Amino acid sequence: IYRFPLVDVQGIPLMNSIAKNWSAVQAFRPDPSDVLISTYPKAGTTWTQEIVDLLLHNGDAEICRRAPIVLRIPFLELNSPPPIPAGLDLLKSVQPPRFMKTHLPIQLVPEGFWKNKCKIIYVARNAKDNLVSYFHFDQMDLTQPEPGPWDEYVQKFMKGKSWYDHVKGYWKEKEKRNILYLFYEDMKENPIIVKIMQYLDLSRSDDIIDKIVELTSFNVMKDNPMANYSFVPKAVFDQSISKFLRKGEVGDWINYFTPAQSQIFDEDYARQMADVDIPFHTKI
Ligand code: A3P
């Protein structure tokens with residue numbers, strides 16, 4: 001399989017299949033009731049999708065087994081041929097309120113979402129764990145550019161600026177645009193599910209919330225074929241290289257960054273994040 005190079009769209013490197021589909025993405029007309037789950041890739045998108053789907057369906061365990069997560073909550077900008085379903089075509093056939101996921105930075109989100117004041121659930125993950133997770137993903141997703149050696153990957157992440165731009169872009173707009181801004185590191189605790197529930201104007205009992213916590217735990221999701229991406233053929237996602245649900249921990253970066261790399265990263269981070277005060281935590 002060919003590892004497609006990323007394509008520059010308005011200064012942002014996007015997957016080839018998304019760039020090819022760009023005019024359709026920008027023309028997408030959301031309904032005011034549409035809800036976007038937005039993340040930088042590998043920040044906990046799938047986890048949030050599963051929580052949302054279960055909240056919508058009263059914690060019914062059958063729900064998360066009925067179809068692949070990409071069909072239950074499709075990917076806004078990916079309209080590629082199978083094996084990954086055509087997100088936009090699928091969206092046309094789903095009745096509002098529709099939920100979809102996106103990895104677009106805020107400046108590339110189709111204008112209709114802002115015009116219609118759609119709800120946006122944003123999930124951010126601390127930079128170092130996000131990077132480690134992406135490093136593994138780029139190895140196993142055989143359509144992505146090769147990640148190369150670890151040290152180069154870290155350099156590229158710092159220079160590329162796209163993580164910094166992503167988390168800051170949504171942070172700066174969160175009040176004005178009514179964005180629910182969440183952190184991966186807080187997601188193991190029930191209050192986050194309650195926050196999402198309230199943001200979506202839903203009301204669910206404590207028992208249902210507890211059930212959702214259980215059904216969306218790392219161990220349950222990793223064994224659920226409809227959540228663990230084993231529905232994507234091995235020629236695309238080779239999970240013998242690295243699992244999609246790989247580790248699911250806070251602070252795994254410590255096993256990858258040398259102290260020297262960590263120091264350089266932290267100094268650069270302080271510069272790139274100097275204009276915001278986003279309360280990330282990087283240890284358990
Ligand atoms: P790791 O590679 O650190 O394990 P995304 O869904 O945005 O692609 O993010 C994938 C990351 O979220 C992976 O991180 C994956 O293991 C983690 N993840 C997915 N479901 C999870 C869950 N229920 N609990 C904790 N982490 C989860």
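The model on the screen is predicted, so local features need pLDDT of at least 70 and side-chain atom pairs count only at pLDDT 80 or more, whereas totals for chains, interfaces and linings use all residues. Residues are numbered from 1 along each chain as its sequence is written, and side-chain values use heavy atoms, with hydrogens and water left out.

**The whole chain**

Display the chain as a cartoon. Its secondary structure comes to 13 helices and 6 strands; these are DSSP runs, numbered from the N terminus, with helices being H or I of at least four residues and strands E of at least two. The radius of gyration is 18 Å, close to the 19 Å that the globule rule gives for 284 residues, so the chain is as compact as a globular protein of that length. This radius is taken over C-alpha atoms, and the rule is 2.2 Å times the number of residues to the power 0.38. Along the principal axes, the C-alpha atoms fill a box of roughly 50 × 40 × 40 Å.

Next, show the surface. The accessible surface comes to about 13100 Å², of which 55% belongs to carbon and sulfur atoms; the areas come from the Shrake-Rupley method with a 1.4 Å probe. Of the 284 residues, 55% count as buried. Buried means under 20% relative accessible area, exposed over 50%, and partly exposed in between (1.4 Å probe, protein chains only).

**Helix 8**

Select residues 150-160, which form helix 8. Which residues are buried in this helix? They are W150, Y153, V154, F157 and M158. Seen down the helix axis, the buried residues fall within an arc of 135°, so they line one face of helix 8. The arc is that of the directions from the helix axis to the C-beta atoms. Then select K161, which follows helix 8 and has a positive phi, near 65°.

**Two loop residues**

Move to Q10, in the loop between strand 1 (7-9) and strand 2 (12-14). Q10 has a positive phi of about 45° although it is not a glycine. Is Q10 buried or exposed? With a relative accessible area of 58%, Q10 is exposed.

Now select Y229, in the loop between helix 12 (218-222) and helix 13. Y229 is not a glycine, yet its phi is positive, about 65°. Y229 is buried, with a relative accessible area of 5%.

Select K20 in helix 1 (residues 16-20). K20 counts as exposed at 68% relative accessibility.

Continue to K115 in helix 6 (residues 112-115), which is exposed at 65% relative accessibility. The C-alpha atoms of K115 and F280 are separated by 30 Å.

Finish at K195 in helix 10 (residues 190-199). K195 is partly exposed, with a relative accessible area of 45%. Leaving aside neighbours within four places in sequence, K195 is in contact (heavy atoms within 4.5 Å) with L180 and L182. K195 and L180 are 15 residues apart in sequence and 8.5 Å apart in space, C-alpha to C-alpha.
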